[in-house]
Amino acid sequence: MVESLRPHLIEKQKIVILSLDFETLNYLKWKFRQDASVEVVALADFPEIDFWLIRRTRTYKEFCWSLGAVLSNALLIRENRMTVYVDADTCFFSSPQRILSLCSSANASITPHRFPKRLSSLEVNGKYNVGWVSFTPTSTGIAISTEWRKNCEESTAYDAKRGVVGDQKYLDSWVITYPGVLILNDPGINAAPWNHEAHSIFLRDGAWFVDDSPLIFFHFHGFETLKDGSVSPAPQIYTVAKGLPVALYGYYFSQISSMESEIDTWIAATLAKKYCSTNNRF
């Protein structure tokens with residue numbers, strides 16, 4: 001996601017990455033050491049937040065689900081400028097600047113799942129998807145963000161009957177409760193395996209489109225590289241009616257593979273340096 005978004009940033013925009021372990025933190029700080037547009041942070045950089053209070057009440061997965069709301073709220077207040085949470089399993093194929101411009105005049109923005117009729121029962125998990133959620137530093141924008149954070153601090157369990165589905169189901173009430181919540185219906189925003197069958201996704205003159213709209217980003221939900229090196233692109237429920245866009249997934253897989261190779265090389269170099277340094281002591 002980060003690599004695909006970096007080329008589209010304009011002046012004063014930046015990407016903030018939250019790292020949850022030291023190895024990832026060290027690698028990312030090395031990788032983006034010369035890029036001022038990328039800031040790598042750790043939980044310790046937010047001493048005002050009691051992360052352990054959140055962590056001890058839930059599983060690790062549920063803890064991760066809480067962090068988007070908590071971090072985006074902290075950054076919104078700290079930076080006092082529009083903040084966008086974007087899921088890590090997304091990839092940008094064209095500039096989001098037009099969408100960002102639209103979002104800047106709203107208190108918050110959210111994207112509907114756009115389930116086809118065949119999958120409408122899945123709306124029990126939420127009408128909207130957290131692949132993209134933005135807030136502006138207006139009083140209402142901050143209120144929405146703060147409410148989301150408090151909701152997620154209370155629970156990010158998967159309990160649809162109780163109206164809680166991770167960090168996602170909470171978004172359903174925003175349009176009803178608050179003014180100025182923008183619903184992004186552009187098919188090029190948050191295209192995903194759960195809505196791809198209702199659209200035509202194709203490559204034309206080197207650019208990707210969804211129907212007649214530029215593909216801004218695709219949400220590669222469920223994409224998994226298995227231990228034997230094969231790939232499970234998405235849950236089967238999303239592919240039984242229509243196959244996924246093979247070329248699009250092929251591109252994403254190539255990018256993931258390249259990143260994995262770079263990480264392996266960095267780990268090997270880091271270990272070699274540490275080993276040599278240790279041996280030189282004798």
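Select strand E11, residues 207-210, together with E12: the two pair in the antiparallel sense over two bridges. Strands here are DSSP runs of E with at least two residues, helices are runs of H or I with at least four, and both are numbered from the N terminus. Two strands count as paired if DSSP finds at least two bridges between them. Now click Phe-209: its bridge partner in E12 is Pro-214.

Before moving on, a word on what you are looking at: this is a predicted model, where local features need pLDDT of at least 70 and side-chain atom pairs count only at pLDDT 80 or more, while totals for chains, interfaces and linings use all residues. Residues are numbered from 1 along each chain as its sequence is written, and side-chain values use heavy atoms, with hydrogens and water left out.

You have an open sheet of three strands, in the order E10-E11-E12, with antiparallel pairing. Strand E10 (201-204) and strand E12 (213-214) are the edge strands, each pairing on one side only.

**Stop two: the loop in between**

Go to Asp-205, in the loop between E10 and E11. Its phi is near 50°, a positive value in a residue other than glycine. Most residues other than glycine have a negative phi. Is Asp-205 buried or exposed? Asp-205 counts as exposed, at 81% relative accessibility (exposed is over 50%, buried under 20%, partly exposed in between, with a 1.4 Å probe and protein chains only).

Jump to Lys-12 for another positive phi, near 75°. Lys-12 sits in the loop between helix H1 (2-5) and strand E1 (15-19), and counts as exposed at 66% relative accessibility.

**Stop three: inside a helix**

Now select helix H4, residues 60-79, and pick out Ser-66. Ser-66 is buried, because its relative accessible area is 0%. Which residues does Ser-66 touch, not counting those up to four places away in sequence? Show Ile-54, Arg-58, Cys-152 and Thr-156; a contact means heavy atoms within 4.5 Å.

**Last stop: zoom out**

Show the whole chain, with its eight helices and 15 strands. Its C-alpha atoms fill a box of roughly 70 × 45 × 40 Å along the principal axes. Of the 282 residues, 45% count as buried. Among contacts with a separation of 6 or more, 71% come from residues 24 or more positions apart.
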